[in-house]
Amino acid sequence: DGVVVSEEVKNNNLDVKIPKSELEAEEKGAEEERPRESDSNILDVSSDHPRDKHISIQRHLADLEKLADLREDEKKPCPLCPEEKFKACYSHKLHRHLQNLHWKVSVEFEGYRMCICHLSCRPVKPNLVGDQTLAKMGAHYHCIICSATIVRRTDMIGHINRHVNKGETESRFITVRAPKSSYEVVKESATDVQVLPNHCTPQKTDSYFNPKMKLNRQLIFCALAVLAGERKPIECLDAFGATGIMGLQWAKHLRSSVKVTINDCNENSVTMIKENCHLNKMKVKLNIKEEDSDETVGDGEENSDTIEVTKMDANVIMHLRSFDFIHLDPFGTSVNYLDSAFRNVRNLGIVSLTSTDISSLYAKAQHVALRHYGCNIVRTEYYKELAARTVIAAVTRAAARCNKGIEVLLAVALEHFVLVVVRVLRGPTAADDSAKKVRYLIHCQWCEERVFQKEGNMMEENPYQQLPCDCHGSMPGKTAVLLGPLWSGALFNTGFLRRMLLEAVQYGLDEAQPLLKTLVCEAECTTLKHFSTHSPGDENKQEECGVYIKTPNTSAESYLVHGKRKGEEVLRGAAKRQRAELSTEHPPFYYNIHRHSIKGMNMPKLNKFLNYLSEAGYRVSRTHFDPMGVRTNAPLAQFKTVLMKYSTPTYVGAQAEGPVHLPGEIQVGEEVPAAAEIKVEEAELVEDGKSGVVTAVFTQSYPTHCAAD
């Protein structure tokens, strides 16, 4: 067998660049090395080439024909097929064979063609049918980058694309860096970063950079800027750096107020973070374990333009060191890193986390939400706020396990992510107070009315009594489900949002300013027309762009106190602030005006409808969770009553302006008896011949429900 293999190598794998003396020297070598050379089919190329390529990888068809040494008077075998598959033939037939069977089905990459190979390079499982089947199954391609063998052409194309997405070229396998021309430079908020091709594809590139998350990065920067105004300097950690764009923005704009640490467990990402630091003229302080003396900055040389870059697992670095600000942005859920994040975070520090597993949080994969967050959720009209409260509940339980409580500063749920920013309050008392706010939610699947379960451990005889609606009595079967556990407290801190808006205006973050204004209105539960970011009792306030914004001087004094003995005073001050804000705490959840619109009726404009609810005596605001959502403390029955009152019929002849007066009209704001029915006649129009006034008469009955407490 060794002789046959050597002849096959000599006849089929011969390259014109190899001298005969080298071939004779190889034939005199040990026989046990022959099978290894034939299995790999690696051809020794001249020293001018950086690495060896398989003979099936050629630039031109003529190079492939040279391997066969075509002559008109002699029969030659195919260099890429075994003898039993394709017998030796004359030059014209061999030329058609190479062109049709090997060259036309090749895969092209950077000027090279990876032709299909039928040699016994790829190990194939033994088959009882015979050698013919074995020869058919042995067809494969050789990767020009990693020398892997791939059977199918489509798989080979995908394999090459994965190399390209990761920035891997042939030079990566000969210990030479990829050419700089393959990088792209992206600029965001006066910060330049290098990214690899297809940087927007997660898990397929080491430098994942998503331009759609720019708003997310601006919100996190504003939160860090507010914390930097309370105490200086603060140590902040970007646990999942990727390109390092977020940490670079922190260090570039906040300067000496922060000490930035960028961490990533991927070696290629760490290398790119260092290059991006040099690109932005930042010095790099390497990890203690690294020994690169050129880039290492000593403690004496450390300045405001220094960024520490570490290569660790996120859980490890958060267990080893303490930080004032931690941001978690992994691919998917963040629950695997919450315990280590709250373990060493300093008192009154901030933990922010971005969750991108929206398929589970938005109730598209409910079993995944139950597995990751231990929470039972269903798809509702307020599913985005449900997702935010699900994440906060998981954060609360993780903090409570470390004897820490939380104060929710910001919760945003948009199309691509869920962002939660919380302040850490150390101590078992704060942990108990936060844990009590994690409750179950009773949700009516018929009318989508919802209410949090009352505190206490005693079982109620009829849990449906807690719902304001009467769907259980009027509809057959079970109409409500138990969701949660969820966070039942406030989602926003108004004072913190005001200061974030100030920082956004100061640093010119245009995309974050409209959202922050909406969040301030939502936290105060007021309309944009009555928008103001100061309270009557604020003495220290300043005007910025026509908006009064509270300065951090009044609220930051208590946060500047350090030490264990003064911790109780700080917590008491925080508790007083929380009690003061409870009176103006926004109502939970919202209603979608389209979901509760009346068929055959034109509902009023959203801003007018907000004014109608406000005139009826209810607190009302828009919400960032849903562009057509209305956050109000009005019960669903009163919400539908006001909506029905100011709706007009959709018929052409019935477009009379003004509200529709219901027969036996109930005054808005009064309590409606349970199971009462508003009888409205539908689809009958009565027109007065003299005045031409059109009135709508309806005949359909709508059940109404009792008002909330």
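Is Cys375 buried or exposed? Select Cys375 to find out: Cys375 is buried, with a relative accessible area of 1%. Here buried means under 20% relative accessible area, exposed means over 50%, and partly exposed lies in between, using a 1.4 Å probe and protein chains only.

**Before you go on**

This is a predicted model, in which local features need pLDDT of at least 70, side-chain atom pairs count only at pLDDT 80 or more, and totals for chains, interfaces and linings use all residues. Residues are numbered from 1 along each chain as its sequence is written, and side-chain values use heavy atoms, with hydrogens and water left out.

**Stop 1: the whole protein**

Show everything as a cartoon. The protein has 23 helices and 27 strands. Helices (H or I, at least four residues) and strands (E, at least two) are DSSP runs, numbered from the N terminus. Of the 709 residues, 49% count as buried.

The accessible surface comes to about 35500 Å². Carbon and sulfur atoms own 49% of that surface. These areas come from the Shrake-Rupley method with a 1.4 Å probe, and for residues only the protein chains shown count as cover.

Think about contacts too, meaning heavy atoms within 4.5 Å. Take the contacts between residues at least 6 apart in sequence: 63% of them join residues at least 24 apart.

**Stop 2: the cysteines**

A disulfide is a covalent bond between the sulfur atoms of two cysteines. Here the test is a pair of cysteine sulfur atoms within 2.5 Å. How many disulfides does a search of the whole structure find? The search finds zero. Cys471 is in no disulfide, and the nearest cysteine sulfur, that of Cys447, is 3.5 Å away. Cys471 is also buried, with a relative accessible area of 2%.

**Stop 3: helix H7**

Select residues 153–165, which form helix H7. The expected span of a helix is 1.5 Å times one less than its number of residues. For the 13 residues of H7 that gives 18 Å, and the end C-alpha atoms are 18 Å apart, which agrees.

Which residues of H7 are buried? They are Met156, His159, Ile160, His163 and Asn165. An α-helix has 3.6 residues a turn, so residues three or four places apart point the same way. Among the elements that cover the buried residues of H7 are strand E2 (107–109), strand E3 (112–114), strand E4 (141–142) and strand E5 (149–150).

Next, select residues 143–163. UniProt, in an unreviewed entry, places the feature "domain: C2H2-type" here. UniProt positions are given in the numbering used here, feature names are shortened, and annotations may be inferred rather than shown by experiment. The span is 52% helix and 10% strand, and its end C-alpha atoms lie 10 Å apart.

**Stop 4: a three-strand sheet**

Strands of a sheet pair through backbone hydrogen bonds, either parallel or antiparallel. Two strands count as paired if DSSP finds at least two bridges between them. Find the open sheet with the order E1-E3-E2 and antiparallel pairing. Strand E1 (57–58) and E2 stand at the edges, each with a single partner strand, so one side of each is left without a neighbour in the sheet. E1 and E3 pair over two bridges. Look for Gln58 opposite Arg113 in E3.

Move to the loop between E2 and E3, where Glu110 sits. Glu110 has a positive phi of about 50° although it is not a glycine. Glu110 is exposed, at 55% relative accessible area.

**Stop 5: enclosed strands**

Select strand E13, residues 350–355. Six of its six residues are buried, so E13 is largely enclosed by the rest of the structure. Ile350, Ser352 and Thr354 lie on one side, with Val351, Leu353 and Ser355 on the other. Strand E12 (residues 325–328) pairs with E13 in the parallel sense over four bridges. Phe325 stands opposite Ile350.

Then select strand E14, residues 404–413. Ten of its ten residues are buried. A hairpin joins E14 to E15 through four residues. Nine bridges link E14 and strand E15 (residues 418–426), which run antiparallel.

**Stop 6**

Most residues other than glycine have a negative phi, and most peptide bonds are trans. Select Lys232 and Pro233: the peptide bond between them is cis, with omega near -15°. Pro233 is in the loop between helix H8 (214–230) and strand E8 (234–238). The bond from Gly484 to Pro485 is cis too, with omega near 10°.
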